[in-house]
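Hi,

Here is the structure I said I would pass on to you. Have a look at it first, and then read on for what turned up.

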Amino acid sequence: MLWVAIVGLVMTILAVAVAGRRVMFLYRLATVGPPAPERIDYARTHAGDEIKAQLVEVFGQRKLLKWTPSGVAHFFVMWAFFILLTVYIEAYGAIIQGAITGTPNFHIPLIGTWGVLGFLQDFIAVACVLGLIAFAVIRVKNSPKALGRDSRFSGSHLGGAWLVLFMIFNIIWTLFLARGAAAANGNFPYSSGAFVSLALGDALPASPLLEEIALLLHIGFMLVFLVIVVNSKHLHIFTAPINVLFSRRPDGMGGAPEMRVDGKPVDFEDEDLDPERLGRGKIADTTWKGFLDFYSCTECGRCQSQCPAWNTDKPLSPKMLILDQRDHAFAVAPYLLAAANGVEHKDTDVLALLDKPLVGEEGVIHPDVLWSCTNCGACVEQCPVDIEHIDHILDMRRYQVMVESSFPSEAGVMVKNLENKGNPWGMSEMKRADWIEELAASVEVPVVEDKMPEDTEYLFWVGCAGALEDRAKKTTKAVAELLHIAGVKFAVLGPMEACSGDPARRLGMEYLFNMLAQQNIETLNEAGVKKIVATCPHCFNTLANEYPQLGGTYEVVHHTQLLSKLVDEGLLTPVTPIEEKITYHDPCFLGRHNKVYSQPRDIMAKVPGVQTQEMHRHKDRGFCCGAGGARMWMEERIGKRINTERVDEALTTNPDTVSTACPFCMVMLGDAINEKKNNGEAKETLEVVDVAQLLIKSVKGTS
């Protein structure tokens, strides 16, 4: 057995050295870019949530198990890696003990002869083989050759995936061969439990040479697999838990990250601020968290399969957004690392590669890819390793908008309107109070002048759409009436309210977002506002999750949350039946971004006569209306319109009404429904309404 120990030791040293060198390369590459101290601070201050995330996301595989067949297969293959570590302890122990005593009958102290461990080892190995078969079937069934872009593996590096499956299979069959040979020679630590290994021991001849060769094969395949893993997409085996640790959580995606330079929040009043460093213009501007995203991508395509842009024939694939950056990073890595060490390049080809823009017609990412994103969050929600695709897109947009001044022309009109009038439509701020006059006959709505009126509980944040867009104003008036009926004291800012800044931030115009947000925060603080109710999910998300970055911290609720609470408390009582079949559309910034799914449905469930019918894609798999990410103010020129796709899905439920809880969704879905009506593809009576409109109709008994 001495020769076995020597060969095994040499193989191990060589493989660990090669893998270790690769790991150091990956670490140095990831730390070339700017730091991300906020990620470390977040993990430290949310330690409980991060521990839970490791248990639920990593060990429990929660996201993967949503995709049942592949999720179950992955669950067993992943746990095989954990449990079969004990087999490698036994294997190395056997060759060492064999070299010392001549008899490789090693067992793990205390637990090494326990039949339960032997059973677990064999069971998980068999389950792993079944998982590999399932993976192979899934990959063949979903082959891009057969399905094209409908395959979630479209664009993935398929050869590497098949190689890894083959290597795992080799590890498993050599495992059973080594354990069976050990059992045949009387060197196996388990007398029961290990049902496959013991059965093979009965079938195999007693041969010390077979046991020695099998041990070396098993260890050898494992070491080769280790080297392959650190050089392939299966690097996620090691990086995914780290990426999950430093990703934001726990309840939804929340706000967009604030812009930073050298790890510090940007101060736009700093005279020394270098505008060229705003956002991400080249791969070297990527933080180590961004590189962790690159390293962690499994190329599974779950993000791609859920993306509304990809599903409507647009060029954006969240998966390819990450892979294209990763491939470019690896291509320029030697030069990046050399530059980080002070080595200057004079080769024009090298310099051109290093300076290749991240976004551009000849860049790593095409502009059509960048501007197709609606920020809906479907990619982040579905990603099993918590890659934050939206953060990458926002950082690139920031550079394009503030440094290159390159963005869709229609969005430029919106930006000018925000700068000059404080709303995307460019209407006078005095028009923000028009809806109050329309409601004056039934409800008195106090307008804040300096301070919140005494005994006022909520500041009703109306939002630009709620105050200025005719369809959204119906929701605003319904909410105001419902709060009045329930006896909730509220007030509005009226002309003093400016846009929350969401369209500017999601476009990438961070400077304008800061200006609007700071103006609003000053107004809210001077008025003494503590609690806010908002009807627009975009305003709700911005006020609740992004204003704290600038010092504006308030208790913010969406109107469906408050109305649901008032119904539960008996302060609002739906009495008049609404005999309609209704399908509900989840707004992305209410649902996926903030996990508000139940309250709108709870309200509809309390309205007599309503028959609810869910669309196929709903809740965390809901499909976007197409308005997020500032796309509300950009023309959709590529592929099928996202709002049309969503309405097509809604029509499959044969609804009388489509309900939602967002003014942007009402506009987008309403426009698509009107188009369907004009083409004779939808009922003439079909309309889109806010949940609050359904509730007020039932509470007041009005038509």
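Predicted model: local features only at pLDDT ≥ 70, side-chain atom pairs only at ≥ 80, totals over all residues.

Before we start, one definition: a helix here is a DSSP run of H or I with at least four residues, and helices are numbered from the N terminus.

**The whole chain**

The protein chain has 32 helices and 10 strands. Its C-alpha atoms fill a box of roughly 100 × 65 × 50 Å along the principal axes. Buried residues account for 57% of the 703. If you take contacts between residues at least 6 apart in sequence, 78% of them join residues at least 24 apart. The accessible surface is about 29200 Å², and carbon and sulfur atoms hold 58% of that area.

**A nonpolar patch outside**

Back to Leu-209: it belongs to a nonpolar patch on the surface, together with Trp-3, Val-7, Leu-163, Phe-166, Phe-169, Trp-173, Ile-213 and Leu-217. Together they have about 810 Å² of accessible area. Which helices supply at least two residues each? They are helix 1 (2-30), helix 9 (158-184) and helix 11 (208-229). Helix 9 gives the largest share, with four residues.

**Nonpolar cores inside**

The largest nonpolar core has 154 residues, and Trp-435, Phe-460, Trp-461 and Leu-695 are among those with the most contacts inside it. Helix 16 (residues 318-340) provides the largest share of this core, nine residues. Apart from it lies another core of 42 residues, including Cys-128, Met-167, Phe-176 and Tyr-190. If you zoom in on Phe-460, and skip its neighbours within four places in sequence, you will find it in contact with residues including Trp-435, Val-479, Phe-490 and Val-533.

Tyr-547 sits in the loop between helix 27 (537-546) and strand 6 (555-558). Is Tyr-547 buried or exposed? Its relative accessible area is 0%, so it is buried. Beyond its neighbours within four places in sequence, its contacts include Cys-499, Phe-513, Leu-516 and Ile-521.

Ser-143 is in the loop between helix 7 (115-141) and helix 8 (144-147). Ser-143 counts as buried because its relative accessible area, 17%, is under the 20% cut-off. Not counting residues up to four places away in sequence, Ser-143 touches Gly-148 and Ser-151.

**Salt bridges**

How many salt bridges does a search of the whole structure find? The count is 49. In one of them, Lys-314 pairs with Glu-636, and the closest N and O atoms are 2.8 Å apart. This pair links distant parts of the chain, since its members are 322 residues apart. Lys-314 and Glu-636 are both buried.

Compare that with Glu-569 and Lys-565, whose side chains meet in a salt bridge at 3.0 Å, N to O. Here Glu-569 is partly exposed at 44% relative accessibility, and Lys-565 is partly exposed at 42%. Glu-645 and Lys-640 form another pair, with their closest N and O atoms 2.8 Å apart. Glu-645 counts as buried at 17%, while Lys-640 is partly exposed at 30%.

Finally, there is a network of salt bridges that links Arg-280, Asp-395, Arg-398, Asp-502, Arg-505, Arg-506, Glu-510 and Glu-546.

Cheers

How values were computed
Residues numbered from 1 in each chain as written. Heavy atoms only, no water. Patch = residues over 30% accessible without salt bridge, like charges linked within 9 Å, V, L, I, M, F, W, Y side chains within 5 Å. Areas by Shrake-Rupley, 256 points an atom, 1.4 Å probe, with all protein chains shown as cover. Salt bridge = Lys/Arg side-chain N within 4 Å of Asp/Glu carboxyl O. Buried < 20%, exposed > 50% of the residue type's maximum accessible area, 1.4 Å probe, protein only. Contact = heavy atoms within 4.5 Å. Core = buried A, V, L, I, M, F, W, Y, C linked by side-chain atoms within 4.5 Å.
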